[in-house]
Amino acid sequence: MTHTYHISGMTCNGCVAKVKTALLKIGDITSAEVQLTAPQAAITMQKHIPLQQLQSAISATGAFTITEADGGMHSHTVSETNGKTWLQTYKPLLLVFFYLVLVTFLATANSAAPSVMTAMPIFMGGFFLIFSFFKLLDLKGFAGSYAGYDIIAKKWYAWGYIYPFVELLLGIAFITKFQPAITNLATLVVMGLSIIGVLQSVWNKRKIQCACLGTVFNLPMSTVTIIEDGLMIAMSAVMLTGIL
């Protein structure tokens with residue numbers, strides 16, 4: 001069942017992320033779509049959750065007030081909300097990958113012996129730098145959104161603030177070719193841990209926002225996110241095997 005609610009007190013994307021994270025921590029809630037404009041929340045739950053319990057959860061994160069919207073019984077889905085096609089939804093992510101491929105091609109085209117192994121560090125470095133950039137545009141909002149599904153950020157909220165800087169350092173390391181073995185091993189560990197929460201969310205069919213590009217774009221968590229993380233894991237594994 002999906003109920004809709006009005007939420008007052010939210011003034012920024014950081015507030016939205018806080019409210020969403022607080023709601024998703026309630027066991028019987030499978031998804032929570034929170035937006036700033038109304039401000040409203042559409043909450044999908046396995047069984048009815050009393051308004052008092054919802055209020056208690058969000059009050060722990062800030063001065064927010066939740067009330068039912070027209071009885072709280074209007075159904076809500078992601079497709080009904082944005083009306084976008086698959087291509088429109090993932091256009092930002094597809095453009096990012098297009099530019100990454102283009103830059104990688106241009107950077108390796110004039111090298112003496114261009115190969116996949118020489119191209120992968122450039123691609124991976126660009127990947128981490130770009131994704132870190134978008135996360136840092138709204139670090140507070142990203143941290144709140146990331147804590148909603150990442151296995152580390154759920155237990156240690158500060159990880160959401162640290163993660164974009166880890167990506168930044170990995171991007172610099174790949175571009176400068178700093179200690180390739182250590183850089184690829186670190187990538188395997190970081191991305192391997194990151195993908196666990198993604199797999200759990202997709203497996204449980206949770207309709208939540210993917211924080212891969214921060215809070216700038218409202219990208220849904222899906223198999224596309226798994227492919228994105230899985231690609232980085234596979235590339236770092238291949239490169240690490242080649243080094244060792």
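**Cysteines and a sheet**

Mentor: Start with cysteine 210: its sulfur is 3.1 Å from the closest cysteine sulfur, in cysteine 212, and that is too far for a bond. Keep in mind that this is a predicted model, where local features need pLDDT of at least 70, side-chain atom pairs count only at pLDDT 80 or more, and totals for chains, interfaces and linings use all residues. Residues are numbered from 1 along each chain as its sequence is written, and side-chain values use heavy atoms, with hydrogens and water left out.

Trainee: How many disulfides does the rule give?

Mentor: The count is zero. Cysteine 15 is in none either: the nearest cysteine sulfur, in cysteine 12, is 3.6 Å away.

Trainee: What makes cysteine 210 count as buried?

Mentor: Buried means under 20% relative accessible area, with a 1.4 Å probe and protein chains only. Cysteine 210 has 2%, so buried it is. Cysteine 15, at 12%, counts as buried too.

Trainee: What is the strand order in the open sheet?

Mentor: Its four strands go β2-β3-β1-β4, with antiparallel pairing. Strands here are DSSP runs (E, at least two residues), numbered from the N terminus.

Trainee: What makes β2 and β4 edge strands?

Mentor: β2 (29-35) and β4 (65-68) each pair on one side only.

Trainee: And how do you know that β2 pairs with β3?

Mentor: Pairing takes at least two bridges found by DSSP. Six join β2 to β3 (residues 40-45), so they pair, running antiparallel. Serine 31, for one, stands opposite threonine 44 in β3.

Methods:
A disulfide is a pair of cysteine sulfur atoms within 2.5 Å. Buried means under 20% relative accessible area, exposed over 50%, partly exposed in between (1.4 Å probe, protein chains only).
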